[in-house]
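Subject: Handing over the structure, with notes

Dear colleague,

I am passing this structure on to you, and I have written down what was found in it. Please have the sequence and the model open beside you as you read.

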Amino acid sequence: MRNNLDRHLAAVRNLGILAHVDAGKTTVTERILYATGTTHKRGEVHDGTTVTDFDPQERDRGITIFAAAVSCDWNGHRINLIDTPGHVDFADEVERSLRVLDGAVAVFDAVAGVEPQSESVWRQADRHGVPRIAFVNKLDRAGADLDTAVASIRDRLHPVPLVVQLPIGAEDGFTGVVDLLRMRSLTWGDGGGTAVEGEVPEALREEALRRRGLLEEAVAERHPAALEEFCDRETLSAATLTAALRDLTRSGEGVVVLCGSAYRNRGVEPLLDAVVDYLPSPLDVPAVRGVRDGGDGTRGAVDGMRGAVDGMRHAVDGVKPANGTQSAADGVQSTVDGMQHAADGIRDPADERRPADPDAPFAALAFKVSATPTGRLTYLRVYSGTIEKGDPVWESGTRRVERIGRILRVQADRHAQLDRAVAGDIVAVIGLKSARAGSTLCAPGAPLVLEPPGVPDPVVSVAVEACRSTDTDRLASALARLVEEDPSLVVRTDPETGQTVLSGMGELHLEVAVERIRRAVGLDVNVGRPRVTYRETVARGVSGVVYRHVKQDGGAGQFAHVVIEVQPLQEGFGFRSAVVGGRVPQEFVRAVEAGCRDALAEGPLGGHPVTGLRVTLTDGATHVKDSSETAFRTAGRFALREALRACAMVLLEPVAEVTVTVPEDAVGGVLGDLAARRGRVTGSVVRGGSAVVTATVPLAELFGYATRLRSRTQGRGTFTARPTGYAPAPAPAVAATP
């Protein structure tokens, strides 16, 4: 029985399709479904007939907006696949998907190579430690070149690309590939279909042998068993090469690269074989780690782990040349701080690992919530144990027990009922009322809290109101449902104007959200002009700021005396204590830090959140009776407020890396328009008769840019924008702040 369970898990692959918008992710997914016999007609994005882009807005806009899960079978293996969005505004969908995946296929355009969002999703996968293989798509396009695309992968993403195929033909003449492991050719006819296997074409034999040799050398350098065989025989067998590629892929030391044309249905079957051969099963990934539930201690531990993950994110980002070594050092320090917070938070609870074992206690993570005509769907990745219809589960958010109504195998917008789900499955369940994205579901007798996916801070906001006052309550209900389904959306009420403000990751993100309200609820909604979210930071710090909090109004009083120093930090917030002699006990030091974090919500320039500072508690005093954590938290809050008023502060505005693709004859007008928008051009190259201009532009200046670009280029220009952080806003921009 045990061996049967292990064989079942070993034949499961949970993977995502990652790429820049328009690189061909959804088409790759459609061809996978067609090749595996899951569908009997090839869906097309331009016809609105794809399985995974089933939402009306996705079909209208021709892009993937919501992550969609499908399942298929290939050579005795069950493949659970998630087609993720490629647009930067929906990066949170990618983040939540990567949190529950074991592997991924990164799709690249053979003409453009690595594009801005390709880089973003690759970094997201790095943070989650997700093994990947690469598929260079669209080799049938004019200007397509596998070697150039691989070079961009190596130079911009910094993996070790291990190319296992050689294209047969180029551009319109692309008909197949040479499999460098078996040294056989695979060709497809005009309609795609099943590959025809044959000998390597004579004209490509020498080049194929040369590339096979380069592949063997690259693998032998990084794999001990392969190196031993290579030294003995001066070559590697196909079996050794396959096993070594599997190990290198799963360890992240190498990335297998395949190629093809998904639109013409060429190269899909070898891609599926590579998914089975190289990407890990649930048994191959480390056991999921969580903390046993222990009330406030658990929440402190989870917050600490989240801080550690954020620190690692800063460290990874800091390694990139643009940010420099200092950012990496700050990120490592943030990691240390986050791990310390995790250690402080774990008092009663203890770390626990749950293996991918159907007989272990049940544990699953909810990564997506969706309202459908059939009910409220909660998408789960089952990490351990088994769940059946009607079973009770403990939900970490509300700390209550709920009951599973139905278990469904998801095929995008279609569902098949299951009797049970076991470790390694990705399924949807009906019947959970309180679970949210990031909630842990587990056996009531073995409560466990898993680390939830991180939620990015919103960068763009709009005011929304119902056209009719009688619809105000319906709008509030619709907004609450939106936020429940999409954690990256935030709804708040402006304290000054009383307006309802909807915040999200970009202009398109908010457009889609408002349109969902209009279509799903039938509400007429007025939308204000988009506004960006500003930040404030410290340019020059202060020291010796003293705050004395004394309050006596009958009964026990409040007393706290603190002295702090504030200095600039590369990013984020840091706190440390330099108090000696025990003048401020450790529990009061933590209260001062909490008070300082409270003060970061509103800066002195315009009430914007404050970032990029380090606070040092240098001295303090206590009272034997009247000092308390509450008193020191209050003192910390007011001390930092006073210190920020004395610091030299700078307003920060969000900026984005913009990539504009236009005809060569329109470059001059585009460059002038970018300069007028306070853009800083960072590069310009010519590819196949089109100019590709990259620039850093304030996000506030990009509202309406798509319309302006189309008018300047007679509809031939396109652009993508990827938020890259914050930059100081010049004085005119400060004056124009909404």
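The notes below begin with the chain as a whole and then turn to particular places in it.

Please keep in mind throughout that this is a predicted model. The chain holds 19 helices and 38 strands, and of its 738 residues 53% are buried. Among the contacts in the chain with a separation of 6 or more, 72% are between residues 24 or more positions apart.

Helix α2, which covers residues 25–35, and helix α10, which covers residues 268–278, have axes that come within 10 Å and cross at roughly 85 degrees. Because angles of 65 to 115 degrees count as roughly perpendicular, α2 is described as roughly perpendicular to α10. On the α2 side the contact is made by Val28, Arg31, Ile32 and Ala35, and these meet Val268, Leu271 and Leu272 of α10. Sorted by kind, the residues of this contact are six nonpolar, no polar and one charged.

**Aromatic pairs and the charges over them**

The count of aromatic pairs comes to five, and two of them are described here. In one, phenylalanine 108 and tryptophan 122 form a tilted pair, with 6.1 Å from centre to centre and 50 degrees between the planes. Phenylalanine 108 belongs to strand β4 (residues 103–109) and tryptophan 122 to helix α5 (residues 116–128), so this pair ties together parts that lie 14 residues apart in sequence. Both partners are buried, phenylalanine 108 with a relative accessible area of 2% and tryptophan 122 with one of 4%.

The other pair is that of tyrosine 547 and phenylalanine 638, whose ring centres are 5.8 Å apart and whose planes stand at 15 degrees, so the pair is stacked. Here tyrosine 547 comes from strand β31 (residues 542–551) and phenylalanine 638 from helix α16 (residues 629–646), so the parts that are tied together are 91 residues apart in sequence. Tyrosine 547 is buried, with a relative accessible area of 17%, whereas phenylalanine 638, at 30% relative accessibility, counts as partly exposed.

A ring from each of these pairs also has an arginine over it. Arginine 132 lies over the face of tryptophan 122, at 4.5 Å from the ring centre, and the charged end of arginine 641 sits over the ring of phenylalanine 638, 5.4 Å from its centre.

Aspartate 83 is part of strand β3 (residues 77–83), and it is buried, with a relative accessible area of 0%. Once its neighbours within four places in sequence are left aside, aspartate 83 is in contact with Ile17, Lys25, Thr26, Thr29, Thr52, Asp53, Thr64, Phe66, Ala67 and Ala68. Between aspartate 83 and phenylalanine 66, which are 17 residues apart in sequence, the distance from C-alpha to C-alpha is 8.4 Å.

Valine 88 is placed in the loop between β3 and α4 (91–98), and it too is buried, with a relative accessible area of 15%. Not counting residues up to four places away in sequence, valine 88 touches Gln117, Ala721, Arg722 and Pro723.

Methionine 183, which is not a glycine, has a positive phi of about 55 degrees, and its place is in the loop between β8 (176–179) and β9 (184–189). Asparagine 265, also not a glycine, has a positive phi of about 60 degrees. That asparagine is found in the loop between β11 (255–259) and α10, where it is buried, with a relative accessible area of 4%.

Histidine 623 lies in the loop between β34 (613–621) and α16, and at 36% relative accessibility it counts as partly exposed. Histidine 623 and histidine 561 are 62 residues apart in sequence, while in space their C-alpha atoms are 9.1 Å apart.

Methods
Residues numbered from 1 in each chain as written. Predicted model: local features only at pLDDT ≥ 70, side-chain atom pairs only at ≥ 80, totals over all residues. Heavy atoms only, no water. Axes fitted to C-alpha atoms, helices over the stretch in contact; angles between N-to-C directions. Helix = DSSP H or I, 4+ residues; strand = E, 2+ residues; numbered from the N terminus. Parallel < 35°, antiparallel > 145°, perpendicular 65-115°, else oblique. Contact = heavy atoms within 4.5 Å. Nonpolar A, V, L, I, M, F, W, Y, C, P; charged D, E, K, R; others polar. Phe/Tyr/Trp six-rings, centres within 6.5 Å; stacked < 30°, edge-to-face > 60°. Buried < 20%, exposed > 50% of the residue type's maximum accessible area, 1.4 Å probe, protein only. Lys NZ or Arg CZ within 6 Å of the ring centre and 35° of its normal.
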